[in-house]
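Please keep the sequence and the structure at hand while reading.

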Amino acid sequence: MASSPTSAVTDLSAALVMAPVPLPDWLIILPIALCIGAGAVLMMMRHAIRYHAPVAIAALALLVVLDAAFLWKVATQGPFTMVMGRWLPPFGIAFTADLTGGLLSLAAAIVALAGAIHAGSDIDASGRRYGFYPFLMLLMAGVTGAFLTGDIFNLYVWFEVLLISSFGLIVLGSTREQIDGALKYAVLNLIGTTLFLITVGYLYAIFGTLNMADIALKANGLRETAPLMTLASLFTLAFAMKAAAFPVNFWLPASYHTPRIVVSALFGGLLTKVGIYSLLRVMVMLFPVEREELSIVIAASAALTMVLGAMGALAQNDIRRMLGYIVISGIGYMMAGIAIGTPSGVSGAIFYALHSMVLMTALYLAAGHAARLGGGFSLTVLGGLYRQAPWFSALALALFFAGSGLPPFSGFWPKAVLVKSAIDIGAWWLAAAILLSGFIATIAFGRVFLLCFWRPAAKPLPQPALPAAAPSVAPLVALTLLVVFFGLFPESLLDLSQDAAAGLGNPQAYIHSVFPEGGKP
């Protein structure tokens, strides 16, 4: 006689999220989904390239709104987490938003929107046909994903996404110079990415998890038995290469001057900051003890990066090459904050990263406008721009002051915070390096202004092929106004940077958002 089957009830609450995801928590994944979806739509519209710019600009404007919304949520309610596939962490892939990721995501979206608008006058039909706007959207998917992921392997994945899209952007135009720059850019970045992947595998062998909050919980218990110093050293080297810190920074000045100016602007504003963010997340939040042990090495690299970068800028005759070295010098300031490691030092690094994202994008756009007015990027060719375009000269001077760290512009405040933080811990030599590099950068920017703007033109300036359209100039004006605004009114950004640094130094709120019960399921 057959017995009736008994149905066993399986309790899934130990492994899966059983409650519906609150609607506001979708804010963390919507920016990434938007970028990937918009990129896919643009790919499908490859035969209607005249619509690429308006679609991309609309998508990036919506991205700014979404990033501002979840930054407001994080600032008012604290970090929050969403796990893919309903799996509880550390089994599911987690996206976790905190103030550091939220601030950098919003700044990146603003920069990308400015670049997309400016590209209307810089990217021709051939560049659009070969995918400038789809590559831009995928680049933003990679950048935003890196800032918001709570899983260190997926940090590697988002690095790959942004690198692949940046390879496509750097070769648009297919000139000999671009191919040469792309080759150097690709080889050195692939070496850094490979080192990162090897280190992630090593980390998984030690911790048995890739969730950042889980790693932070386990690190103290493994510190006496596991080679965490080796892990931290490998991560530092890999991310320093991504950020273009000395001595692994030679790929940046060899490549950033080769693509279209709007691509250089996006690269200068975004890509190296992902490396800095990764150092902040891994070394400050996950391995603070190891960061302290490596602080003298990081500080020495920071000092050499900022000083040699400024000296390299002073030696250049091409504005684009000069700005590449300014990018490198700025990386040194952020590395200095990481080396100092105090809440004020880390907040200075975060503030400087936000300032640099906006400033470097604006400086590259200004260089492009100067070349358009003066007929080239060489300091020996340019001249008389002040007489030809006084309003543009005023914008450029404000940006040069900000890049030099002079008041009352946004570059002054993070440098002041970093100098004070270095003096507070007795690292007077690091404070001196910050001041010295700022002095050299001031001379470099002053040289550009005197030669390109103040000096009379050696011959009549060429007439631009096309008149400056308002949409192409508007991003430069808007970014310059941001630089001026946060120089005159820095309090809100200082407060947010300090809160973000506190969250990295004491990640209990971050961990609680991933493991609400205080530990793994």
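Which residues in α10 meet which residues in α14?

## Helices α10 and α14

The model is predicted. On the α10 side, the residues are Ile261, Val262, Ser264, Ala265, Gly268, Gly269, Leu270, Lys273, Leu280 and Val284. They meet Val346, Ile350, Ala353, Ser356, Met357, Met360, Thr361, Tyr364, Leu365, Ala367 and Gly368 in α14. Sorted by class, this contact holds 14 nonpolar residues, six polar and one charged.

Helix α10 covers residues 261-286, and helix α14 covers residues 343-374. Their axes come within 7 Å and cross at roughly 170°. Angles over 145 degrees count as roughly antiparallel, so α10 is roughly antiparallel to α14.

## Tyr364

Tyr364 is part of helix α14. Is Tyr364 buried or exposed? Its relative accessibility is 0%, and Tyr364 therefore counts as buried.

Setting aside residues up to four places away in sequence, Tyr364 touches Ile261, Ser264, Ala265 and Gly268, among others. Tyr256, Arg320, Leu323, Gly324 and Val327 are also in contact with Tyr364. Gly268 lies 96 residues from Tyr364 along the chain, yet their C-alpha atoms are separated by 7.9 Å.

## The nonpolar core

How many residues does the largest nonpolar core have? The count is 190, and the residues with the most contacts inside this core are Phe132, Ile152, Phe235 and Phe287. Helix α14 gives the most to the core, with 19 residues. In soluble globular proteins, nonpolar side chains tend to be buried together.

Phe132 is in contact with Ala119, Ile123, Gly127, Leu169, Leu172, Val262, Val263 and Leu266, leaving aside neighbours within four places in sequence. One of these, Val262, also belongs to the α10 residues that meet α14.

## Helices α2 and α5

Helix α2 spans residues 52-77 and helix α5 spans residues 132-148. The two axes come within 10 Å and cross at roughly 15°. An angle under 35 degrees counts as roughly parallel, and α2 and α5 are therefore roughly parallel to each other. The crossing of α2 past α5 is left-handed.

From α2, the contact is made by His52, Ala53, Ala56, Ala59, Leu60, Leu63 and Phe70. From α5, Tyr133, Pro134, Leu136, Met137, Met140 and Leu148 take part. By class, the residues of this contact are 12 nonpolar, one polar and no charged.

Notes: Residues numbered from 1 in each chain as written. Predicted model: local features only at pLDDT ≥ 70, side-chain atom pairs only at ≥ 80, totals over all residues. Heavy atoms only, no water. Axes fitted to C-alpha atoms, helices over the stretch in contact; angles between N-to-C directions. Helix = DSSP H or I, 4+ residues; strand = E, 2+ residues; numbered from the N terminus. Parallel < 35°, antiparallel > 145°, perpendicular 65-115°, else oblique. Left-handed = near helix turned anticlockwise from the far one by under 90°. Contact = heavy atoms within 4.5 Å. Nonpolar A, V, L, I, M, F, W, Y, C, P; charged D, E, K, R; others polar. Core = buried A, V, L, I, M, F, W, Y, C linked by side-chain atoms within 4.5 Å. Buried < 20%, exposed > 50% of the residue type's maximum accessible area, 1.4 Å probe, protein only.
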